[in-house]
Amino acid sequence: MSMKLLILGILMEKDRHPYEIRQTMVGRNWNYAFRLRDGSLYYAVDQLRDHGLIEAVHTVPVPGEHRPDKTIYRITDSGRREFDKLMYAQLEQHAYPQHPMMMAMPFLRLADQARVADIAERQLAACDERIASLEQVLAVKASRIPSSSLRMIDGMLAFGRAERVWLETIVAEARSGAYEEERDQSGGWTRKTRPPAPPALE
């Protein structure tokens, strides 16, 4: 995800200060598709300004002591050319599955299975929350959203629904001990035999 692309694209619409750029991203629910970090945004704004891709238009005084003025930025002609370059480069990028759990998945055999299942359940709850929020956006705002943004949300929902199925499977498998495996004599992996549960107390 190119923070510079997002900033330049938003400034193509109208001049804004960095906080307003961030609020625009959140207001459009982009935080469900992209990792929006304030530090990355302000750093990208500084870089774009230093390279002449955006420029300060004016500043807005902010009431209160020791509060910096808000600088309003606009995109320059060079910035518009850079926007085109970044946009088409982004469209050309290849996709890789990037769920944050995936990097740990090869090692689940070494983990506490109950804890893995609990974590996957929390991930599942967060996934359901994202899906519900996006469905609510479509229910309320669909007629006021550009077609390309609607297709983006549609893709986010498709990924989210696939993620939900994947996480449900992980929860069930971790609960059953499916990831408790060991290498066998043939070099393959076989499931460990769990000791029988202790008898219930009378």
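**Helix α5**

I started with α5, which covers residues 113-141 of this predicted model. The helix has 29 residues, and I get 42 Å from its first C-alpha to its last. That is close to the 42 Å expected at 1.5 Å a residue.

Next I asked which residues of α5 are buried. My list reads Q113, V116, A117, A120, L124, C127, I131, L134 and V137. I kept the helix rule in mind here: with 3.6 residues a turn, residues three or four places apart point the same way. What covers these buried residues of α5? I noted α6, residues 147-176, as part of the cover.

**Y32**

I then went to Y32, in the loop between α2 (18-27) and α3 (38-50).

I looked up what Y32 touches, leaving out residues up to four places away in sequence. The partners are R130, S133, L134 and M156. L134 was already in my notes as one of the buried residues of α5.

I also checked Y32 against T59, 27 residues apart along the chain. Their C-alpha atoms are separated by 31 Å.

**T24**

T24 is found in helix α2. I have T24 down as buried, since its relative accessible area is 11% and the cut-off is under 20%. Setting aside neighbours within four places in sequence, I find T24 in contact with I10 and R16.

**Whole chain**

I stepped back to the fold and counted six helices and four strands. From the N terminus on, I read the order as α-α-α-β-β-α-α-α-β-β.

How does the radius of gyration come out? I get 24 Å for the protein chain, whereas a compact globule of 202 residues would have one near 17 Å. Along the principal axes, the C-alpha trace spans about 75 × 45 × 40 Å.

I noted that buried residues make up 27% of the 202 residues. The accessible surface comes to about 13800 Å², and 53% of that belongs to carbon and sulfur atoms.

For contacts, I took pairs at least 6 apart in sequence, and 56% of those join residues at least 24 apart.

Last entry, charges: I have 28 positive and 28 negative side chains. The centres of the two sets lie 3 Å apart.

Conventions. Residues numbered from 1 in each chain as written. Predicted model: local features only at pLDDT ≥ 70, side-chain atom pairs only at ≥ 80, totals over all residues. Heavy atoms only, no water. Helix = DSSP H or I, 4+ residues; strand = E, 2+ residues; numbered from the N terminus. Contact = heavy atoms within 4.5 Å. Rg over C-alpha atoms; globule rule 2.2 N^0.38 Å. Buried < 20%, exposed > 50% of the residue type's maximum accessible area, 1.4 Å probe, protein only. Areas by Shrake-Rupley, 256 points an atom, 1.4 Å probe, with all protein chains shown as cover. Lys, Arg positive; Asp, Glu negative; His and termini not counted. Charge placed at Lys NZ, Arg CZ, Asp CG, Glu CD. Expected span 1.5 Å × (residues − 1).
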